[in-house]
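Please go through the two-chain model below with the report beside it. The sections take up selected local features before turning to a whole chain.

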Amino acid sequence: MTIDRRELLSAGAAGLGWLAAGFSASALAQASGHTLNIALFPEPNGVVAGLGSTGPAQTVIGNIYDGLLRFDEKLQPMPNLATEWTVSPDMKVYTFKLKKGVTFHDGKPFTADDVVFTADKLMRTLNPRVRVAMASVESVKALDPHTVEFRMAIPYAAFIQLFDSSTLPIAPKHLYGDDVTKPLSPNPVGTGPFKFKEWQRGSFIHLVRNEKYHESGLPKLENVYWHIIPDGASRAAAFESGKVDVLPGGMVEFFDVGRLDKLPNTDVTLKGHEKLCPMAWMWMNHRLPLFQDLKVRKAVMHALNRDAMAKVVWQGFAKPSTGAFSHQTQFYTPQVPQYPFDTARARKLLAESSYKGQAVRLLPLPFGESWMRLAELIRQNLTAAGFKVDLQSADLPGTIQRQSGWDFDLTLTYMFQLGDPALGVARNYVSSEIRKGSPFNNVGGYQNPKVDALFERGSREIDPKKRAEIYADIQRTLSEDVAAAWLLDLGFPTVYRSKVDNLINTSLGLIDSLGRASIKSV
Amino acid sequence: MDTFRFLARRLLQGLAALLLIAVMNFLLVRAAPGDPATLLAGESGAADEVFLQQLRERFDLDRPLPQQLATYLGQLAQGDLGVSYRQQQPVIDLILDRLPATLLLTGTAFLLSLAIGVALGVWASVRAGTWKDSAISLFATVFYAMPVYWLALLAVLVFAVWLPWLPAFGYETVGGGHTGLARMLDIGRHLVLPAVVLAMFFMAVYARMTRASMLEVAGMDFVKTARAKGLPAGRVLRAHVLRNALLPVVTLAGLQAGAMVGGAVIIETVFAWPGIGRLLFDALQQRDYSLLLGTFLVTAALAVLFNIITDVAYTLVDPRIQLR
């Protein structure tokens, strides 16, 4: 068979026409309004309530399911599925009045039984955080189809904070059998503003408007697409080329955010992380004689240039931490011993300490370029102060194994403080949370009976003033002890097109629903 | 009959190789640090002992390694690749779901690189020593040396951001609602950038190898004889030089077919192409053992298959070679 030049040319022309036809078809598809395209990564493990525990899973779940409450940026509760709620003076009885006339996406009515099932069975079994909180609960009862009562065995001051859509997404009891761990069909059913439409694994998750949503006029969007794009640079390119409208916090490297912010019709916001309060710090392994020496721990703190970390590595989207609590966490106080950047003082402390010049193993966090730059800056700071630092990188599974197996000298981490210190801070410092095998507890192995007792009292105390005093005492003690090297109160800038209105309107930001979001000029 | 016996023997050898690969993969994957249960527990706040133990029991991770291996091989014997820990779906379904996208990507890249690479090599060899030959050599050297990840990002920047001609990511326009021919065209547009980038390295290799091989064969006595007999130059080139020069190219094509999936991991990640390469990458990140082993095994099976096809292709290019 031979192909002559004319045939080749006509084949080429056909190919060009093929491309042009495809281009115009695609351009038309992109032009539809009331649709929001959002980048997402990593791909969630599931979007059924209770089975998706990671941040990306929760960002989708928060649109399909509702919580009883929503929380404003000052972490104050607002009504959602619960229209009103009362807390007894001794904080032992919580009573929620539920909204009437609400239906699940399959048309079945939402009642108090669904709340009891979700809190007492589904999430108590599947969500470790809820299980810890529910340990204080004596009973959960449906007093009538629209009233639920939680009766506490002992007060748990942070209890009300559990009722958001990410922690307690209300699931339909009628779809579950006896075994709540058995995965349901991939079609999740909630009462949320959006209904699950399609999930093409590796490509996208598609949600559509719930026409029967319980708040009139909402949601305003017709479609939400979550595009799963694994590479950070490709996510930035997807935004630049107009294929996605929103890059949630952490989706692109911090050095890319400033560049994207300069694009026309683009906005950047740090709002929407008030309830999560992400904070970065460096664990020091208190099990090692070296880090049992307070002078060594103080030397580490003085050696670290946290201003540079915030300005250079985080490009200004973070604040240096002043202690163990993020400035957005309730009962935060800056009135604690401070360890300003002072290399000379660090060198002096180190010279007086038990340090003998041995190499200190620093295990970074493999969450992208910015975290590696942070580790390199820390090594530079510590080296200038006289430490010999061995930077040991591993992939995420390897890092988590070493952290949870306590196989490190220094290691980086970041965790959500969850608004209330009883929920997101205590687990990092109390001795009962020193448990090998998990990287989300007191990994550093810090122990102080006074701190243990204070955290216990803080979680039970019902008077906010007394709680503030207790947590101020805790913050002072942790700082005096240098329980860890606190680095940054992290900001996670969300990059979005200016045409998107009301993108973030609670303290959970994109983890909450997009029910109020809309697109201007459509 | 010889061909049938050859194929039967090669398939049996392939199965034995796959069994060995399955055992080695199982042991290597378990030797890598990282506990799937801890990763699955995620950032949920308090991955407590009870929860972790529940996860380990659910996935049989609490049993001794030899028992786990025996169970795995027993499953394989029944054609069962297990269930993905993370996605809670049969591994075979996940792989079959992604395989067409990868085959489309790698197949297109394979044909592109082979056709253009060989054509460039032939063209350069007949113009050896001219500036055109030098230009092709320069092209081949540049794309041979350029890291595929960097080239991919460059392509996205130029063709999707600066000149918004082609889509930067995905398999098709999400929400486009295309069907039939319109959908094929849409997929084709999305295929251009990843396939071309994936093809570039091997295109460069083919060009260099074909050129060198052509020049070598062209200097041989039988070619001189053919010319001396007065055969037309075009026929000498096609029937004598090219046919003999293609043997090393066939060898390389066989290797490329197996190696393509490795390159696809990077390409599929950069272009968010929902193929098996990304499935493998995600499984590795999550230490999703059953999914990881499944994808390894399927890609190994493809490599074995391509090897057999390469052997058959030798006989087509050079009838003097016999299958035995």
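Leu418(A) is buried, with a relative accessible area of 8%, where buried means under 20% relative accessible area, exposed over 50% and partly exposed in between, using a 1.4 Å probe and protein chains only. Although Leu418(A) is not a glycine, its phi is positive, at about 60°, and its place is in the loop between β17 and α13 (421-424) of chain A. Helices (H or I, at least four residues) and strands (E, at least two) are DSSP runs, numbered from the N terminus.

Phe331(A) is likewise not a glycine and has a positive phi of about 70°; this residue lies in the loop between β14 and α10 (343-352) of chain A.

## Basis of the model

This is a predicted model, in which local features need pLDDT of at least 70 and side-chain atom pairs count only at pLDDT 80 or more, while totals for chains, interfaces and linings use all residues. Residues are numbered from 1 along each chain as its sequence is written, chains are lettered from A and ligands numbered from 1 in the order in which they are written, and side-chain values use heavy atoms, with hydrogens and water left out.

## The six-stranded sheet of chain A

An open sheet of six strands in chain A runs in the order β14-β18-β13-β17-β15-β16, with mixed pairing; two strands pair if DSSP finds at least two bridges between them. At its edges are β14 (318-320) and β16 (388-391) of chain A, each of which pairs on one side only. From one strand to the next the twist averages 25°, with axes taken as lines fitted to C-alpha atoms, for helices over the stretch in contact, and angles running from 0 to 180 degrees between N-to-C directions.

Within this sheet, strand β15 (residues 359-363) and strand β17 (residues 410-416) of chain A pair in the parallel sense over two bridges, and Leu362(A) stands opposite Leu410(A) in β17(A). Helix α9 (residues 306-313) of chain A packs on the sheet, where it touches β14 and β18 (485-490) of chain A, and its direction makes about 30° with that of β18(A); contact here means heavy atoms within 4.5 Å.

## Thr506 and its surroundings

Thr506(A) lies in the loop between β20 (500-501) and β21 (518-519) of chain A and is buried, with a relative accessible area of 3%. Its side chain is joined to that of Asp512(A) by a polar contact of 2.9 Å, that is, a pair of N or O atoms within 3.5 Å of which, within protein, one must be able to donate a hydrogen and the other to accept it, residues adjacent in sequence counting only if both atoms are side-chain atoms. Not counting residues up to four places away in sequence, the residues that Thr506(A) touches include Arg70(A), Phe71(A), Met78(A) and Glu274(A).

## Cis peptide bonds

Phe41(A) and Pro42(A) are joined by a cis peptide bond with omega of about -5°, and Pro42(A) is placed in the loop between β1 (35-40) and α2 (55-64) of chain A. The peptide bond from Leu218(A) to Pro219(A) is also cis, with omega near -10°, and Pro219(A) is found in the loop between β9 (204-209) and β10 (223-228) of chain A.

## Chain B as a whole

Chain B has twelve helices and zero strands, and 49% of its 324 residues count as buried. Taken along the principal axes, the C-alpha atoms of chain B fill a box of roughly 85 × 55 × 40 Å.
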